[in-house]
Amino acid sequence: MEIYVYGTGCGAGELIDTALDIGRVTAFVDSSGGCFLGRPVISPEELATRPCDLVIVASRQAEEIGRKLEALGIKPDKLFFLKNHLIPVDRNQNYDIARDVLGDDFVEKLRQSERLIRVPLWTEREKISGPDSENDYVRLKTLEAICGRLAEIPGDLAELGVYRGGFARWLNRLLPDRRLWLFDTFEGFDADEAAGCASGKGFVAAHQNTSVPGVLSVLPHPEMVQIRQGLFPGTAQGLEEERFALVSLDADLEESTFAGLCFFLPRLSCGGFLLLHDYNNPRLPGVKRAFARYEEIHGRQTAVPLCDVNGTLVIMRPLTAP
Ligand SMILES: C[S@@+](CC[C@H](N)C(=O)[O-])C[C@H]1O[C@@H](n2cnc3c(N)ncnc32)[C@H](O)[C@@H]1O
(Lines give C-alpha, C1' and ligand atoms only; values in the text may rest on other atoms or scores of the structure.)
Protein backbone atom coordinates (compact mmCIF):
# COMPACT_ATOMS: atom_id res chain seq x y z
CA MET A 1 0.00 0.00 0.00
CA GLU A 2 1.25 3.47 -0.86
CA ILE A 3 0.15 5.74 1.98
CA TYR A 4 1.13 9.40 2.20
CA VAL A 5 0.60 11.88 5.01
CA TYR A 6 0.21 15.49 3.91
CA GLY A 7 1.75 17.76 6.53
CA THR A 8 4.81 17.74 8.79
CA GLY A 9 3.35 19.72 11.68
CA CYS A 10 1.57 18.86 14.94
CA GLY A 11 -1.35 17.19 13.16
CA ALA A 12 0.97 14.74 11.35
CA GLY A 13 3.04 14.16 14.50
CA GLU A 14 -0.07 13.39 16.56
CA LEU A 15 -1.35 11.07 13.87
CA ILE A 16 1.85 9.00 14.00
CA ASP A 17 2.00 9.06 17.81
CA THR A 18 -1.56 7.91 18.32
CA ALA A 19 -3.01 6.10 15.34
CA LEU A 20 -0.72 5.33 12.40
CA ASP A 21 2.41 3.17 12.48
CA ILE A 22 5.23 5.12 10.80
CA GLY A 23 6.18 1.88 9.03
CA ARG A 24 3.03 2.21 6.92
CA VAL A 25 3.88 5.70 5.67
CA THR A 26 5.55 5.81 2.24
CA ALA A 27 6.40 9.50 2.55
CA PHE A 28 5.20 12.80 3.96
CA VAL A 29 4.07 15.55 1.62
CA ASP A 30 4.95 19.19 2.15
CA SER A 31 6.70 21.97 0.31
CA SER A 32 9.56 21.94 2.86
CA GLY A 33 11.42 18.89 1.50
CA GLY A 34 13.95 16.88 3.55
CA CYS A 35 12.94 14.26 6.08
CA PHE A 36 10.28 13.86 8.81
CA LEU A 37 10.35 11.03 11.34
CA GLY A 38 12.86 9.19 9.15
CA ARG A 39 10.66 9.33 6.06
CA PRO A 40 11.24 11.49 2.96
CA VAL A 41 9.18 14.64 2.53
CA ILE A 42 8.09 15.03 -1.10
CA SER A 43 6.39 17.92 -2.84
CA PRO A 44 2.70 17.83 -3.86
CA GLU A 45 3.82 17.91 -7.49
CA GLU A 46 5.93 14.79 -7.00
CA LEU A 47 3.07 13.05 -5.19
CA ALA A 48 0.94 13.60 -8.29
CA THR A 49 3.40 11.52 -10.35
CA ARG A 50 3.36 8.50 -8.00
CA PRO A 51 0.93 5.62 -7.53
CA CYS A 52 -1.02 6.19 -4.33
CA ASP A 53 -3.71 4.40 -2.33
CA LEU A 54 -4.38 7.05 0.30
CA VAL A 55 -3.31 10.60 1.22
CA ILE A 56 -4.12 11.55 4.80
CA VAL A 57 -4.28 15.33 4.95
CA ALA A 58 -3.27 16.14 8.53
CA SER A 59 -3.28 19.90 8.47
CA ARG A 60 -5.45 22.84 9.46
CA GLN A 61 -5.38 23.97 5.84
CA ALA A 62 -7.23 20.80 4.84
CA GLU A 63 -9.70 22.43 2.45
CA GLU A 64 -7.02 24.45 0.65
CA ILE A 65 -4.72 21.41 0.36
CA GLY A 66 -7.60 19.30 -0.94
CA ARG A 67 -8.26 21.80 -3.74
CA LYS A 68 -4.57 21.90 -4.61
CA LEU A 69 -4.21 18.10 -4.78
CA GLU A 70 -7.34 17.72 -6.87
CA ALA A 71 -6.00 20.39 -9.25
CA LEU A 72 -2.83 18.28 -9.56
CA GLY A 73 -4.98 15.32 -10.65
CA ILE A 74 -5.25 13.33 -7.40
CA LYS A 75 -8.72 11.83 -7.15
CA PRO A 76 -10.98 12.89 -4.24
CA ASP A 77 -11.53 9.24 -3.32
CA LYS A 78 -7.84 8.97 -2.38
CA LEU A 79 -8.01 11.86 0.12
CA PHE A 80 -8.81 11.54 3.82
CA PHE A 81 -8.89 14.78 5.79
CA LEU A 82 -7.97 15.28 9.41
CA LYS A 83 -7.93 18.50 11.36
CA ASN A 84 -6.31 19.19 14.69
CA HIS A 85 -6.77 16.43 17.24
CA LEU A 86 -7.46 14.05 14.39
CA ILE A 87 -11.07 15.08 13.97
CA PRO A 88 -12.19 14.22 10.44
CA VAL A 89 -13.63 17.23 8.65
CA ASP A 90 -17.12 17.13 7.19
CA ARG A 91 -16.02 15.82 3.81
CA ASN A 92 -15.49 12.29 5.04
CA GLN A 93 -17.34 11.90 8.28
CA ASN A 94 -18.00 8.26 7.44
CA TYR A 95 -14.31 7.27 7.58
CA ASP A 96 -14.87 4.84 4.69
CA ILE A 97 -11.87 5.99 2.69
CA ALA A 98 -9.50 5.40 5.61
CA ARG A 99 -11.19 2.15 6.64
CA ASP A 100 -10.78 0.65 3.16
CA VAL A 101 -7.01 1.20 3.21
CA LEU A 102 -6.02 1.10 6.89
CA GLY A 103 -8.72 -1.04 8.47
CA ASP A 104 -11.05 -0.87 11.47
CA ASP A 105 -8.29 -0.54 14.10
CA PHE A 106 -7.08 2.73 12.63
CA VAL A 107 -10.61 4.11 12.42
CA GLU A 108 -11.34 3.11 16.02
CA LYS A 109 -8.24 4.98 17.22
CA LEU A 110 -9.40 8.09 15.39
CA ARG A 111 -12.82 7.78 16.95
CA GLN A 112 -11.25 7.67 20.42
CA SER A 113 -9.52 10.94 19.67
CA GLU A 114 -12.80 12.43 18.57
CA ARG A 115 -14.37 11.44 21.88
CA LEU A 116 -11.48 13.05 23.77
CA ILE A 117 -12.55 16.45 22.51
CA ARG A 118 -15.95 16.00 24.11
CA VAL A 119 -14.58 14.46 27.30
CA PRO A 120 -11.83 16.58 28.87
CA LEU A 121 -8.67 14.90 30.08
CA TRP A 122 -8.89 16.47 33.52
CA THR A 123 -12.05 14.79 34.75
CA GLU A 124 -11.41 11.54 36.57
CA ARG A 125 -14.70 9.70 36.45
CA GLU A 126 -17.33 11.16 34.23
CA LYS A 127 -20.82 11.51 35.56
CA ILE A 128 -22.00 13.51 32.56
CA SER A 129 -20.66 12.40 29.21
CA GLY A 130 -21.44 11.30 25.68
CA PRO A 131 -25.00 11.75 24.48
CA ASP A 132 -26.07 13.13 27.89
CA SER A 133 -24.04 16.27 27.34
CA GLU A 134 -24.70 16.78 23.68
CA ASN A 135 -27.56 19.23 23.84
CA ASP A 136 -25.58 21.73 25.92
CA TYR A 137 -22.07 20.49 26.58
CA VAL A 138 -20.66 23.67 28.13
CA ARG A 139 -23.58 24.13 30.51
CA LEU A 140 -23.51 20.58 31.82
CA LYS A 141 -19.76 20.24 32.05
CA THR A 142 -19.58 23.56 33.90
CA LEU A 143 -22.17 22.24 36.33
CA GLU A 144 -20.10 19.10 36.85
CA ALA A 145 -16.94 21.14 37.45
CA ILE A 146 -18.73 23.47 39.90
CA CYS A 147 -20.12 20.51 41.83
CA GLY A 148 -16.52 19.37 42.27
CA ARG A 149 -15.82 22.65 44.13
CA LEU A 150 -18.65 22.34 46.65
CA ALA A 151 -17.33 19.71 49.05
CA GLU A 152 -16.59 22.23 51.83
CA ILE A 153 -19.48 24.56 51.06
CA PRO A 154 -22.52 24.09 53.29
CA GLY A 155 -26.10 24.42 52.11
CA ASP A 156 -28.87 22.86 50.06
CA LEU A 157 -29.48 22.82 46.33
CA ALA A 158 -32.42 24.57 44.70
CA GLU A 159 -33.93 25.20 41.32
CA LEU A 160 -36.53 27.81 40.45
CA GLY A 161 -37.98 26.84 37.07
CA VAL A 162 -37.96 23.05 36.89
CA TYR A 163 -40.33 22.29 34.02
CA ARG A 164 -39.84 18.53 33.44
CA GLY A 165 -36.73 18.21 35.56
CA GLY A 166 -34.17 18.20 32.74
CA PHE A 167 -31.54 20.14 34.72
CA ALA A 168 -32.79 19.16 38.18
CA ARG A 169 -31.93 15.54 37.52
CA TRP A 170 -28.28 16.55 37.08
CA LEU A 171 -28.26 18.52 40.32
CA ASN A 172 -29.79 15.51 42.05
CA ARG A 173 -27.36 13.07 40.44
CA LEU A 174 -24.15 15.07 40.86
CA LEU A 175 -24.80 15.92 44.52
CA PRO A 176 -26.91 13.01 45.75
CA ASP A 177 -26.37 13.78 49.45
CA ARG A 178 -27.77 17.32 49.32
CA ARG A 179 -31.37 18.29 49.86
CA LEU A 180 -32.81 19.66 46.62
CA TRP A 181 -35.62 22.20 46.67
CA LEU A 182 -37.66 22.39 43.46
CA PHE A 183 -39.81 25.47 42.86
CA ASP A 184 -42.29 25.56 40.00
CA THR A 185 -46.00 25.80 39.37
CA PHE A 186 -45.55 22.50 37.49
CA GLU A 187 -48.28 23.80 35.20
CA GLY A 188 -46.47 26.58 33.35
CA PHE A 189 -45.84 30.30 33.71
CA ASP A 190 -48.03 32.77 35.52
CA ALA A 191 -50.51 33.85 32.83
CA ASP A 192 -50.16 37.60 33.47
CA GLU A 193 -46.38 37.50 33.44
CA ALA A 194 -46.31 35.27 30.35
CA ALA A 195 -48.60 37.68 28.47
CA GLY A 196 -45.66 40.05 28.06
CA CYS A 197 -43.22 37.32 27.02
CA ALA A 198 -41.41 37.95 23.74
CA SER A 199 -40.92 34.25 23.04
CA GLY A 200 -44.46 33.59 21.82
CA LYS A 201 -47.51 31.45 22.52
CA GLY A 202 -45.87 28.14 21.62
CA PHE A 203 -43.16 28.70 24.21
CA VAL A 204 -45.73 29.48 26.91
CA ALA A 205 -48.09 26.61 26.03
CA ALA A 206 -45.26 24.05 25.89
CA HIS A 207 -44.30 24.70 29.50
CA GLN A 208 -47.73 23.64 30.77
CA ASN A 209 -46.90 20.08 29.83
CA THR A 210 -45.38 18.84 33.10
CA SER A 211 -46.33 17.43 36.50
CA VAL A 212 -44.81 16.71 39.91
CA PRO A 213 -44.95 12.90 39.49
CA GLY A 214 -43.39 13.26 36.05
CA VAL A 215 -40.49 15.27 37.45
CA LEU A 216 -39.96 12.92 40.40
CA SER A 217 -39.82 9.98 38.02
CA VAL A 218 -36.72 11.35 36.25
CA LEU A 219 -34.78 12.08 39.44
CA PRO A 220 -32.30 9.42 40.58
CA HIS A 221 -32.66 10.35 44.29
CA PRO A 222 -36.22 11.65 44.73
CA GLU A 223 -36.02 11.06 48.49
CA MET A 224 -33.68 14.10 48.67
CA VAL A 225 -36.23 16.38 46.98
CA GLN A 226 -38.58 18.93 48.49
CA ILE A 227 -41.26 20.07 46.05
CA ARG A 228 -42.57 23.62 46.37
CA GLN A 229 -45.46 23.81 43.94
CA GLY A 230 -47.07 27.14 43.10
CA LEU A 231 -46.08 30.66 42.21
CA PHE A 232 -42.70 31.84 43.47
CA PRO A 233 -41.89 33.78 45.67
CA GLY A 234 -45.00 32.74 47.63
CA THR A 235 -43.67 29.18 47.73
CA ALA A 236 -40.46 30.28 49.45
CA GLN A 237 -42.31 31.37 52.57
CA GLY A 238 -40.97 29.66 55.67
CA LEU A 239 -37.57 29.02 54.07
CA GLU A 240 -35.99 32.32 55.08
CA GLU A 241 -33.43 30.61 57.34
CA GLU A 242 -32.26 28.10 54.70
CA ARG A 243 -28.80 28.42 53.11
CA PHE A 244 -27.90 27.23 49.60
CA ALA A 245 -24.63 25.96 48.13
CA LEU A 246 -25.90 25.87 44.55
CA VAL A 247 -28.99 27.35 42.91
CA SER A 248 -30.24 27.02 39.36
CA LEU A 249 -32.43 30.00 38.44
CA ASP A 250 -34.26 29.22 35.22
CA ALA A 251 -37.56 31.09 35.36
CA ASP A 252 -37.21 32.80 31.95
CA LEU A 253 -39.30 35.89 32.74
CA GLU A 254 -38.25 39.15 34.35
CA GLU A 255 -40.34 39.43 37.52
CA SER A 256 -39.91 35.79 38.52
CA THR A 257 -36.18 35.96 37.84
CA PHE A 258 -35.88 39.14 39.89
CA ALA A 259 -37.79 37.52 42.75
CA GLY A 260 -35.45 34.51 42.52
CA LEU A 261 -32.34 36.68 42.67
CA CYS A 262 -33.71 38.62 45.65
CA PHE A 263 -34.51 35.45 47.57
CA PHE A 264 -31.55 33.23 46.75
CA LEU A 265 -28.51 35.49 46.42
CA PRO A 266 -28.56 36.71 50.05
CA ARG A 267 -28.98 33.07 51.13
CA LEU A 268 -26.08 31.72 49.08
CA SER A 269 -23.34 30.23 51.27
CA CYS A 270 -19.88 31.80 50.97
CA GLY A 271 -18.23 29.88 48.13
CA GLY A 272 -21.63 28.99 46.68
CA PHE A 273 -22.91 29.52 43.13
CA LEU A 274 -26.11 30.64 41.44
CA LEU A 275 -26.50 29.66 37.79
CA LEU A 276 -28.65 32.23 36.04
CA HIS A 277 -29.82 30.52 32.88
CA ASP A 278 -30.66 32.57 29.75
CA TYR A 279 -28.74 35.63 30.92
CA ASN A 280 -27.42 36.18 27.39
CA ASN A 281 -30.41 34.66 25.59
CA PRO A 282 -31.74 37.31 23.17
CA ARG A 283 -35.14 35.61 23.17
CA LEU A 284 -35.57 36.12 26.93
CA PRO A 285 -34.30 39.67 27.54
CA GLY A 286 -36.15 39.91 30.87
CA VAL A 287 -33.51 37.73 32.52
CA LYS A 288 -30.74 40.24 31.87
CA ARG A 289 -33.00 43.11 32.89
CA ALA A 290 -33.80 41.37 36.18
CA PHE A 291 -30.10 40.97 36.97
CA ALA A 292 -29.40 44.61 36.07
CA ARG A 293 -32.15 45.68 38.47
CA TYR A 294 -30.66 43.49 41.20
CA GLU A 295 -27.18 44.97 40.70
CA GLU A 296 -28.60 48.48 40.66
CA ILE A 297 -29.98 47.92 44.15
CA HIS A 298 -27.33 45.62 45.68
CA GLY A 299 -24.19 46.59 43.79
CA ARG A 300 -22.00 44.71 41.34
CA GLN A 301 -21.94 40.93 41.78
CA THR A 302 -19.05 38.54 41.15
CA ALA A 303 -20.10 36.67 38.01
CA VAL A 304 -18.74 34.81 34.98
CA PRO A 305 -20.75 34.52 31.75
CA LEU A 306 -20.61 31.11 30.04
CA CYS A 307 -20.54 30.45 26.32
CA ASP A 308 -23.18 27.71 26.64
CA VAL A 309 -26.19 27.58 24.34
CA ASN A 310 -28.38 30.07 26.19
CA GLY A 311 -25.76 32.22 27.87
CA THR A 312 -25.79 31.21 31.52
CA LEU A 313 -24.30 33.63 34.03
CA VAL A 314 -22.47 31.96 36.93
CA ILE A 315 -22.86 34.22 39.98
CA MET A 316 -20.55 33.48 42.92
CA ARG A 317 -20.61 34.43 46.56
CA PRO A 318 -16.93 34.93 47.44
CA LEU A 319 -15.52 32.85 50.29
CA THR A 320 -14.75 36.02 52.21
CA ALA A 321 -18.10 37.73 51.62
CA PRO A 322 -19.44 39.71 54.60
C1 LIG B 1 -37.50 27.08 30.97
S2 LIG B 1 -38.48 26.32 32.12
C3 LIG B 1 -37.32 25.55 33.16
C4 LIG B 1 -36.52 24.51 32.45
C5 LIG B 1 -35.81 23.56 33.36
N6 LIG B 1 -34.86 24.22 34.23
C7 LIG B 1 -35.17 22.44 32.57
O8 LIG B 1 -34.03 22.07 32.86
O9 LIG B 1 -35.76 21.90 31.66
C10 LIG B 1 -39.12 27.64 33.09
C11 LIG B 1 -40.01 27.17 34.20
O12 LIG B 1 -40.12 28.22 35.12
C13 LIG B 1 -41.36 28.12 35.76
N14 LIG B 1 -41.66 29.42 36.41
C15 LIG B 1 -41.41 30.64 35.89
N16 LIG B 1 -41.79 31.59 36.77
C17 LIG B 1 -42.26 30.94 37.86
C18 LIG B 1 -42.77 31.38 39.12
N19 LIG B 1 -42.89 32.68 39.44
N20 LIG B 1 -43.16 30.44 40.00
C21 LIG B 1 -43.05 29.13 39.71
N22 LIG B 1 -42.58 28.65 38.54
C23 LIG B 1 -42.18 29.56 37.62
C24 LIG B 1 -42.30 27.75 34.63
O25 LIG B 1 -43.46 27.10 35.12
C26 LIG B 1 -41.41 26.80 33.79
O27 LIG B 1 -41.68 25.46 34.10
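Reader: What share of the chain's contacts with a separation of 6 or more comes from residues 24 or more positions apart?
Author: Such residues account for 64% of those contacts, where two residues are in contact if their C-beta atoms, placed from the backbone, lie within 7 Å. This is a predicted model, in which local features need pLDDT of at least 70 and side-chain atom pairs count only at pLDDT 80 or more, while totals for chains, interfaces and linings use all residues. Residues are numbered from 1 along each chain as its sequence is written.

Reader: And how many helices and strands are there in the chain?
Author: The chain has eleven helices and 13 strands, taken as DSSP runs numbered from the N terminus, with helices being H or I of at least four residues and strands being E of at least two.

Reader: How much of the chain is buried?
Author: Of the 322 residues, 34% are buried, meaning that 20 or more other C-beta atoms lie within 10 Å of the residue's own, whereas 12 or fewer makes a residue exposed and anything in between partly exposed, with C-beta atoms placed from the backbone.

Reader: Which residues touch the most other members in the largest nonpolar core?
Author: Among its 48 residues, these are Leu-249, Phe-264, Leu-274 and Leu-276; a nonpolar core here is a set of buried Ala, Val, Leu, Ile, Met, Phe, Trp, Tyr and Cys residues joined through C-beta atoms within 7 Å. Apart from that core lies another, of 30 residues, including Tyr-6 and Ile-74.

Reader: What does Phe-264 touch, leaving out residues up to four places away in sequence?
Author: Phe-264 touches Ala-158, Phe-244, Val-247, Leu-249 and Leu-274. Ala-158 lies on one side of strand β7 together with Asp-156 and Leu-160, while Leu-157 and Glu-159 are on the other, and all of these are buried.

Reader: Which strands does β7 pair with, then?
Author: Strand β7 (residues 156–160) pairs in the parallel sense with β10 (residues 244–249) over five bridges, and four bridges join β7 to β8 (residues 180–184), again running parallel; strands count as paired if DSSP finds at least two bridges between them. Ala-158 stands opposite Val-247 in β10, and Leu-160 stands opposite Phe-183 in β8. From β7 the chain crosses through helix α6 (residues 168–174) to β8 in a right-handed β-α-β crossover, that is, with the strands pointing away from the viewer, the path from the first strand over the helix to the second runs clockwise.

Reader: Switching to the six-strand open sheet, what is its order?
Author: The order is β3-β4-β2-β1-β5-β6, with mixed pairing. Strands β3 (35–36) and β6 (79–82) stand at the edges, and because each has a single partner strand, one side of each lacks a neighbour in the sheet.

Reader: OK, the ligand: which residues come nearest?
Author: Of the 20 residues around the ligand, those are Gly-161, Gly-166, Phe-167, Phe-232 and Ser-256, a residue being near if its C-beta atom, placed from the backbone, lies within 6 Å.

Reader: Is Thr-257 buried or exposed?
Author: Thr-257, in helix α10 (residues 254–264), is buried because 29 other C-beta atoms lie within 10 Å. Leaving aside neighbours within four places in sequence, Thr-257 is in contact with Leu-249, Ala-251, Gly-286, Val-287 and Ala-290.

Reader: And where is Asp-190?
Author: Asp-190 is in the loop between β8 and α7 (191–195), and Asp-190 is partly exposed, with 14 other C-beta atoms within 10 Å.
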